Amino acid sequence: MPRRPRLRLADIPLHLIQRGNNRGDCFFADVDYRVYLEELGDACQANGVALHAYCLMTNHVHLLLTPTDADAPSRVMKRLGQRYVQYVNRSHQRSGTLWEGRFRSCPVDEDSYLLACYRYVELNPVRAGMVADPADHRWSSHRANAFGETSALITPHGILETLGPTAQARRAAYREFFERGMEADRIGEIRDALNGGFALGAEAFQKRVAALTGRRTWRGSPGRPAKRPVGTD
């Protein structure tokens with residue numbers, strides 16, 4: 001079955017994941033992570049994309065961003081695919097593809113799901129058993145978002161302003177939010193939306209995205225569609 005076309009929208013947050021080819025490694029040394037982040041920052045700046053959160057794992061990448069135009073995420077990932085892959089192949093004496101053919105993504109309802117996506121992205125190393133605390137993973141945005149560590153990459157989303165009246169209060173609330181962990185059903189919702197290319201959010205948000213894109217934005221019922229009676233529209 002062919003993959004669903006991506007839901008492409010301007011000014012709506014997007015959760016994006018890209019995996020290594022055959023789930024193989026895409027980072028082989030510390031310098032690789034640094035080069036990727038440098039290229040990511042340049043690509044986002046060149047294409048009018050605000051990056052809110054990221055996590056670089058050994059064999060995949062999570063990004064949470066808001067584009068100013070619908071095609072900007074594809075341009076960012078295309079540029080990364082060219083420049084970073086060229087760097088890796090040259091530096092590690094390899095050839096061929098590094099990433100899966102397509103990245104996966106889903107638009108995110110900022111009112112009800114955006115903070116959950118922040119948490120999902122930055123807790124990835126904890127779920128994988130790599131670290132006990134998300135702050136211990138060097139290659140994510142958590143220390144910038146939770147502790148105010150300086151980062152030229154990160155543009156905080158406005159939703160973070162609702163966490164408290166001052167930057168210090170907002171960061172404390174953000175850290176507390178992570179201490180609660182994540183519910184299994186919420187993790188499942190995020191994964192389903194990413195893998196299926198559906199809108200992640202409340203019903204009203206899904207309908208709004210459907211109206212903007214002219215496409216169904218939620219999972220349909222399994223099986224073949226029922227045949228319509230003859231003579232009906």
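These legends accompany a few close-up views of a predicted model. Residues are numbered from 1 along each chain as its sequence is written, and side-chain values use heavy atoms, with hydrogens and water left out. Because the model is predicted, local features need pLDDT of at least 70 and side-chain atom pairs count only at pLDDT 80 or more, while totals for chains, interfaces and linings use all residues.

View 1. Strands are DSSP runs of E, at least two residues, and helices are runs of H or I, at least four, numbered from the N terminus.

**View 2. The partners of β1.** Strand β3 (residues 60-67) runs antiparallel to β1, and six bridges join them; within this pairing, Ile17 has His62 as its bridge partner. Strand β4 (residues 104-107) is also antiparallel to β1, joined by four bridges, with Leu16 opposite Ser105. Strands pair if DSSP finds at least two bridges between them.

**View 3. The lining of the second largest pocket.** A pocket is an open set of points on a 1 Å grid over the protein atoms alone where a 1.4 Å probe fits, with protein on both sides within 12 Å along at least five of seven lines; lining residues have an atom within 4 Å of a point. Of its 15 lining residues, Ala144, Asn145, Pro156, Leu160 and Arg171 lie nearest the centre. Helix α6 (167-179) and helix α5 (142-147) each supply at least two lining residues, and α6 gives the most, with four.
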